Amino acid sequence: MMMSKLVFALVFLVYPFLSSARHVITFRSSTSLQPSSLAWDPIAQHFVVGSVSGPTIHAISDAGVVEHLLSDPSTTGADGSATSVAVDPVRRRLIVGFSNPGSIAAYDLKSYERIFAVPLPEMDTIPGGVAVDLRSGEAFVSSAKRGVVWKVGLDGAVRVISESKIFGSQGLGGVVHVGRGYLLIVQMEMGKIFKVDSDDGAAKEVLSSGSSKPLVSAGHAIALHPDLSLIVSTNRSVLLVKSDDSWAQAAVHDKSDLGDAVTAVAVAIREGKKAYVLVKSQEGYRIEEVAWERESEGDMVWGLVLIGLGLAYFMFRRFQMGKLVGNMNKKHA
């Protein structure tokens, strides 16, 4: 009886290590909120999502409370959608890529008043991703329709920085600014990842270490971890891609399978630490912390180690008590 109680107590204490529980935020979608993009606002401490069903931006709290932040039909028209979002915490701006027609806009993060809104050179384009150089404040926009990347100045001036032939005819997806003078961009259908110079637009494919295949089967959204690893979402999984400082080659270091019942929409890094993925299922949308396979295996090992140590200590103490009782019986005898 005592042994069973001890085991129960040990399992209870190490349950956080053994369980696969993760932070999950469920929220109610609506006709004006059909999430298409995701970013973390470290100032307001909430997620920011764009909507494919209209030119609107909403905030999602940890409790799943939805707050309407802005709607800007004058920029795109009522049929437009907010396909990409990025937060510039240094200048307290929200950068939004709109489609139908293609445009880029910046808003104040406190008042959500528009700072600028300009059309992209190709009005029929769909922004595949938006990133911000936190040092200069320049934004970068990829096209989901073809291989082109634009740079947007602080004043809203737009110019092409790359139309590299290496992109081919496929559209580009998520983009991140690494902070060392280059971008990382994922190709949506082929799964290739490109390293693009943020000044002259020179582009190279990031090769898969030890393989001639693309790094991922297909990817549409990416986020950059502070350790310079890349979070890539495919339809059914999230991948952790790591490289050396050069990003000439890379490899998938870890993954998180989402299952067949959900589809990954977007990814973001929260507080510079944890990765979160926006997913869609038959039940609706939710934002959940990514549970990496290697982390889960490590937690399981540590949990079992703690249980083993606890049982060993219990048996040792039981042996000591038995020896003590035996010695006392001998004295009384």
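Q: Which residue of strand E5 stands opposite His58?
A: In this predicted model, His58 stands opposite His68 in E5. The two strands concerned, E4 (residues 56-60) and E5 (residues 66-71), pair in the antiparallel sense over five bridges.

Q: How many residues lie between E4 and E5 in their hairpin, and which residue in the turn has a positive phi?
A: As a general idea, most residues other than glycine have a negative phi. In the hairpin formed by E4 and E5 there are five residues between the strands, and the turn holds Gly64, whose phi is positive at about 85 degrees.

Q: Where does Gln45 lie, given that its phi is positive in a residue other than glycine?
A: Gln45, with phi near 60 degrees, lies in the loop that runs between strand E2 (35-41) and strand E3 (46-51). Its relative accessible area of 39% falls between the cut-offs of 20% and 50%, so Gln45 is described as partly exposed.

Q: Is Leu228, another residue with positive phi that is not a glycine, buried or exposed?
A: Leu228 has a phi of about 75 degrees and is found in the loop between strand E19 (221-224) and strand E20 (230-233). Leu228 counts as buried because its relative accessible area is 17%, and the cut-off for that term is under 20%.

Q: Is the peptide bond from Asn100 to Pro101 cis or trans?
A: Again the general idea comes first: most peptide bonds are trans. The bond from Asn100 to Pro101 is cis, with omega near -5 degrees, and Pro101 is found in the loop between strand E7 (93-99) and strand E8 (103-108).

Q: How much space lies in the largest pocket, and which residues are the closest to its centre?
A: The general idea is that rolling a probe the size of a water molecule over the atoms shows where empty space is left. Here the largest pocket holds about 1,200 Å³ of space; it is lined by 49 residues, of which Val85, Val130, Val175, Val176 and Ile222 are the closest to its centre.

Q: Which elements give two or more residues to that lining, and which of them gives the largest share?
A: The elements that give two or more residues to the lining of the largest pocket are E2, strand E6 (81-88), strand E10 (127-132), strand E14 (172-177), E19 and strand E23 (262-270). The largest share, six residues, comes from E10.

Notes: Residues numbered from 1 in each chain as written. Predicted model: local features only at pLDDT ≥ 70, side-chain atom pairs only at ≥ 80, totals over all residues. Heavy atoms only, no water. Helix = DSSP H or I, 4+ residues; strand = E, 2+ residues; numbered from the N terminus. Buried < 20%, exposed > 50% of the residue type's maximum accessible area, 1.4 Å probe, protein only. Pairing = 2+ DSSP bridges. 1 Å grid on protein atoms, 1.4 Å probe; cavity = no way out; pocket = protein on both sides within 12 Å on 5 of 7 lines; lining within 4 Å. Points joined across faces, edges and corners; volume = space filled by probe spheres on them.
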